[in-house]
Amino acid sequence: MTKKKIVIVGGGYVGFEVAKKLDAYADVTLIEQREAFVQPPAAIRALVEPTLLDKIILPYDNLLESGKVVRGRAVSISQTQVSLDSGAVFPADFIVIATGSSYAAPFKPSGDSIADFRQASMDVSGRLARATSVAIVGAGAVGTELAGEISAAQPGKTITLISSDDTLFPKYPAGFGTQLKRKLERLGVTVILGQRVQDLRHLDRPYEGSVTLADGSVITADLVFPVIGSKPQTSLVQSLPGVTSGTAGRVETDKWLRPSDYPNVFVAGDIANVGDGMTIVATTRQNPWLIKTLKKVIDGASVEKQKPYVPWKRAPILVPLGPVIGNSWLFATFGDWITRMMKGKALFIPKYRRAFGFTDADK
Ligand SMILES: Cc1cc2nc3c(=O)[nH]c(=O)nc-3n(C[C@H](O)[C@H](O)[C@H](O)COP(=O)(O)OP(=O)(O)OC[C@H]3O[C@@H](n4cnc5c(N)ncnc54)[C@H](O)[C@@H]3O)c2cc1C
């Protein structure tokens, strides 16, 4: 019997895992514009430890055994096929769109060039090493971790972390953010809360200059990092009939992660407005659901008979401040040791190297 064809667009945290786990069950094609997967959480530490780049840029060559990874940019999708900018067309019984999000440099590749990403990271790393003062605008997980990584690796710099919120991690129980603030301050970081920056000069890359806060005070720094969130890349999915936009420009879905009038087209990850954050943690819930559901429907079951997707109520979070300390919320707050063992020490690098077929994963 011929296998059903599944075409997945985007080889990020959703796309690579769904492709890999369905490889034995379907005829899988993964379309990805870049030649390698990059791990953004570790791209933060790569700024103070540039040799990490060699470990966190993972070519797709050995990801799949039966299916194929096609390098190219998907430009249109119908109910039965995905077309690339090269003119190549891939017929599909089921389609998963996971085009993810973009982020300010140098934390995620901005185009399709991994060489450019590597260069941007190395450039900022060099400028950071020479800087004596750093201002980080945005105190979500990325900004907080960046402050922690710099202060742990390069003590003595003047580091200011600025947030428009009145607490760190306001969606989590108060103690979680309060403890992180205290730990950052112990590392020498100045944490400014409840102050919106008025004049960010660039949103997409670090720069030398100053920022003005809502109260009129000015902070001058050798490097100002804008880290104010991910931008979902939805232009492809928006072109489908019946798609509507939700919060933060993500697309709405039905209960089975379908965004359009096409019953065989699914979305997940940063582009999908399903009640989860734009996080890898969200994909650890969405991917297993998608894999299980697709296995059933390729065997002929109806999508509507499958259990609907239910998002995290409050997702767990791990926030290392460098390799040794940090805080985690895993349905209760945990401190340095748990955070170090679960994330801070290795940043999940061995896990992803294994997934991409590297045998040195545990070294
Ligand atoms: C610095 C940083 C640190 C982070 N740390 C954490 C963390 O510690 N924990 C956590 O839970 N989350 C973290 N996140 C968030 C996490 O990276 C995202 O939630 C995750 O990457 C989303 O996965 P995704 O598969 O939806 O999209 P992405 O990972 O963005 O992947 C999308 C892929 O689609 C490809 N693509 C896009 N359009 C096309 C097209 N038209 N044709 C072909 N390919 C296309 C892109 O090249 C990309 O490879 C972090 C984010 C950043 C920026």
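Guide: In this predicted model, a residue counts as buried when its relative accessible area is under 20%.

Visitor: Why does tryptophan 329 count as buried?

Guide: Tryptophan 329 has 8% relative accessibility. The cut-off is under 20%, so tryptophan 329 counts as buried.

Visitor: Why does tyrosine 172 count as buried?

Guide: The value for tyrosine 172 is 15% relative accessibility.

Visitor: How many aromatic pairs does the rule give?

Guide: The count comes to 16 aromatic pairs.

Visitor: What makes tyrosine 60 and phenylalanine 356 an aromatic pair, and why is the pair called edge-to-face?

Guide: Their ring centres are 5.7 Å apart, and centres within 6.5 Å make a pair. The planes stand at 65°; over 60 degrees counts as edge-to-face, so that is the label for this pair.

Visitor: What does the pair of tyrosine 60 and phenylalanine 356 tie together?

Guide: Tyrosine 60 is in the loop between strands S4 and S5, and phenylalanine 356 is in the segment after helix H10, so the pair ties together parts 296 residues apart in sequence. Both tyrosine 60 and phenylalanine 356 are buried. These two residues also belong to one aromatic cluster with Tyr13, Phe16, Phe37 and Tyr352.

Visitor: How do you know that the charged end of arginine 314 sits over the ring of tryptophan 329?

Guide: The charged end of arginine 314 is 5.2 Å from the ring centre of tryptophan 329. The distance limit is within 6 Å, with a further condition of within 35 degrees of the ring normal. Arginine 314 is listed as sitting over that ring.

Notes: Residues are numbered from 1 along each chain as its sequence is written. This is a predicted model: local features need pLDDT of at least 70, side-chain atom pairs count only at pLDDT 80 or more; totals for chains, interfaces and linings use all residues. Side-chain values use heavy atoms; hydrogens and water are left out. Rings of Phe, Tyr and Trp (its six-membered ring) pair if their centres lie within 6.5 Å; planes under 30 degrees apart count as stacked, over 60 as edge-to-face and the rest as tilted. Helices (H or I, at least four residues) and strands (E, at least two) are DSSP runs, numbered from the N terminus. Buried means under 20% relative accessible area, exposed over 50%, partly exposed in between (1.4 Å probe, protein chains only).
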